[in-house]
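Hi,

Here is the model I promised to send over.

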Amino acid sequence: MAFTVNLTPLTLRSPEITTGNISSPKSGISFNKKRQILAFAASNSTEEPPTIKPEIELEFLGPTAGGDGRYPVDRAAAVSGDKLLRTIMEDNKLELYGPYGKLMNCGGGGSCGTCIVEVLEGKELLNERTNTELKYLKKKPESWRLACQTIVGNKENSGKVVVQRLPQRKK
Ligand code: FES
């Protein structure tokens, strides 16, 4: 008994290369996505792994306690030694000034003395008081700082800083 076998020729094709953001129906991955993946693989093969910069964790207590006696807390994080406390508060939309300071502050120039905060924890993670602070905070508690003069971290340290906003209005 004789039988026949039909062999269908098999063609191997190299992958199609297209330009622009055209989706490949077979893979479901867009060309741009593929390019990103390739770029990632290429960069990983030749470069050092990214270094993780030390970070300072911040807590900001509001000036007025709620009905339960607790002060409202806002949280933020910043790369160590990268920003002034005033900038971090601005970036996180945290109120820094009392009514007078809102209208009359010097915009961080160190000439109004209205950007007062109290550092409750983590003083050692900040720079020393500047001459501007020594002038404006002469008769104020040691823990008070001017936010526009206070650098958060020193690029190498990390930890937690707790800040009381508007200490002069704390109730
Ligand atoms: S904003 Fe004027 S002294 Fe800080």
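**What I found**

Among contacts in the protein chain between residues at least 6 apart in sequence, 64% join residues at least 24 apart; two residues are in contact if their C-beta atoms, placed from the backbone, lie within 7 Å. Keep in mind that this is a predicted model, where local features need pLDDT of at least 70, side-chain atom pairs count only at pLDDT 80 or more, and totals for chains, interfaces and linings use all residues. Residues are numbered from 1 along each chain as its sequence is written.

On to the layout. The protein chain has 4 helices and 5 strands, in the order α-β-β-α-α-β-α-β-β from the N terminus. Helices (H or I, at least four residues) and strands (E, at least two) are DSSP runs, numbered from the N terminus.

The 5 strands make an open sheet, ordered β2-β1-β5-β3-β4, with mixed pairing. At the edges sit β2 (73-79) and β4, each pairing on one side only. On average, neighbouring strands of this sheet are turned by 35° against each other, direction ignored (axes are lines fitted to C-alpha atoms, for helices over the stretch in contact, and angles run from 0 to 180 degrees between N-to-C directions).

Now the pairings, where two strands pair if DSSP finds at least two bridges between them:

- β1 and β2 run antiparallel, joined by 7 bridges, and Glu59 stands opposite Arg75 in β2.
- β3 (residues 116-121) and β4 (residues 144-146) are also antiparallel, with 3 bridges; Ile116 has Leu146 in β4 as its bridge partner.
- β3 pairs with β5 (residues 159-165) in the antiparallel sense over 4 bridges, and here Val119 is partnered by Val163 in β5.

What about the inside? Buried residues are 18% of the 171 in the protein chain; buried means 20 or more other C-beta atoms within 10 Å of a residue's own, exposed means 12 or fewer, and partly exposed is in between, with C-beta atoms placed from the backbone. The largest nonpolar core has 22 residues, of which Leu58, Ala147, Val152 and Val161 touch the most other members. Two or more residues each come from β1 (55-61), α2 (85-91), β3 and β5, and β1 gives the largest share, 4 residues. Such a core is a set of buried Ala, Val, Leu, Ile, Met, Phe, Trp, Tyr and Cys residues joined through C-beta atoms within 7 Å.

Cheers
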